[in-house]
Amino acid sequence: MKNLMKHSYSYILLMAIVTFFACQTEDDGGGNAATTIVPSFELTISEQNPLTINVVNTSTGANGLTSFWQFRQGGPLQQDVSGSATHTYGASGEYQVSLIIQGPNGNVEISDTVIVDDGVVVTPPVANLKDATNSFSIGMAVQASRLTDEHDEILKSDFNNLTAEFEMKMNIMYPSQGTYDFTAADAIVNYGVANDMDIHGHTLIWHNSVPDWVENFTGTDEEFETMIEDYITTVVTRYSGTIRSWDVVNEAIEDNTGALRNSVFRTRMGDDYIAKCYQFARNADPNILLFYNDYNITFDTNKQATMFSIVDDLMAQGLIDGVGAQMHIDIYFPSASQIQSVVNGTVSRGLKMHFSELDVRVNPGNDISQLTEARAIEQRNKVREVVEIYDAIPNQNKFALTVWGLRDSETWLVDFWGQPDWPLLYNNDFTTKPAHDGFIEALSN
Ligand code: XIL
């Protein structure tokens, strides 16, 4: 049985007597008279030290039972040996104090909240991601239907770069030959422009978002290439001046082998289809930044090697400005040095580095069914590590760090892996997770 009450105390001496009907009536086993446990405690703030509290156990019906104090939510339990205790907090703040009695039928618990304040003014940490740095932009993957209400508020406070999660892909923007649909893309771009945000275009060519009519294109290879040139030209031109950067080709390389992935683009246009597409984009607008974007290029060494050889080829033709390393990672993997390796290769070439698509799985082994505090802290640490690596990049090579979704309930990963996970920075109720703190901590040093 559990009873929890919120109550605030001012920092001057106050006394609270916490008695609630968080009681437990015990049968003695023979159906006879029962004992009722009524937990209660008194809480006072010390006159000597405003960060010290005194608690007195005033429970009834608890004789002979073991009780514990807990001075902060999730904090260590301290056995109540004498019926009273003193605790000094390290800093001003609001803390939950609990008394837990081990009854014969389970724990009986009562809690209250105390505010202690020693008057020392601590500079509040920056609360919003985008305020924590001005050397790179903070990106978020968005959907046109998620630009209002709390999404709108958080997008404006935390982020200054938008990527369409799926609505700027070919299957959405070019559903049938000669007919474009820019409805959702326009909504996202208009929102970004209205709110003074950068927009990262994602993605012109991706084997996973090919409309059927393109996959089954009926014309000649030459006509196919002309169609792709028209498509890239049309899209890039439409958003010229508003979209600052594009992922031109996404995920062109196989896992492990590092071979060039087969796709309709490769079959129809040849192995040099990648350079052709970058050339089409460059021709459409020479001022936009062109990126190559892929996943697992931190730790998959063959994939990374092929990626940099493609990049070198594009560089030789003046067709690329940056590398996007998708950060679909987990709390255990990849390591900091693996992440650093793709940064080093990008920076040594003088290119911009985009940490695109950040999400950090906490349940890759599918061994938890709800987010635990321990995993949330490991996630915070991993996010902090990733952001620290990014922040250490020379400023001229920085671009953006983009998070792939706002709330845990909105992640693509649950569908993708078919198991629960909580990989993002916001809880479903739009409150920040420890991972959000980790992001800011990395930029606060
Ligand atoms: C995913 C989106 O999150 C989903 O909403 C969509 O249905 C499929 O694509 N690599 C990429 C992203 O480059 O475009 C993918 O996004 C995730 C993997």
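View 1. The centres of domain 1 and domain 2 lie 50 Å apart, taken over C-alpha atoms. Domain 1 covers 24-116 and domain 2 covers 129-442, with bounds from an automatic or database domain assignment. This is a predicted model, so local features need pLDDT of at least 70 and side-chain atom pairs count only at pLDDT 80 or more, while totals for chains, interfaces and linings use all residues. Residues are numbered from 1 along each chain as its sequence is written, and side-chain values use heavy atoms, with hydrogens and water left out.

**View 2. The barrel.** Eight strands close up in the order S12-S13-S14-S15-S16-S17-S18-S19, with parallel pairing. Strands here are DSSP runs of E with at least two residues, helices are runs of H or I with at least four, and both are numbered from the N terminus; two strands pair if DSSP finds at least two bridges between them. From one strand to the next, the twist averages 25°. Angles run from 0 to 180 degrees between N-to-C directions, with axes as lines fitted to C-alpha atoms, for helices over the stretch in contact.

**View 3. S13, S14 and the helix across them.** Strands S13 (residues 161-164) and S14 (residues 198-206) run parallel and share three bridges. Leu-162 sits opposite Ile-199 in S14. Helix H3 (residues 183-194) lies across S12 (137-142), S13 and S14, at about 180° to S13; contact means heavy atoms within 4.5 Å.

**View 4. Around the ligand.** Residues surrounding the ligand include His-202, Trp-206, Gln-326, His-328, Trp-404 and Trp-412, where near means a heavy atom within 4 Å. Polar side-chain atoms of Glu-165 and Asn-250 lie 2.5 Å and 2.9 Å from an oxygen atom of the ligand. For Glu-357, a side-chain N or O atom is 2.8 Å from a ligand oxygen; a polar contact is a pair of N or O atoms within 3.5 Å. The protein covers 79% of the 410 Å² of accessible area that the ligand has on its own (Shrake-Rupley method, 1.4 Å probe).

View 5. Most residues other than glycine have a negative phi, and most peptide bonds are trans. His-202 and Thr-203 are joined by a cis peptide bond, omega about 0°, and Thr-203 lies in S14. Phe-333 to Pro-334 is also cis, with omega near 0°; Pro-334 is in the loop between S17 (322-330) and H9 (336-348). Glu-357, in S18 (residues 352-361), has a positive phi near 60°.

Key
A polar contact is a pair of N or O atoms within 3.5 Å; within protein, one must be able to donate a hydrogen and the other to accept it, and residues adjacent in sequence count only if both atoms are side-chain atoms.
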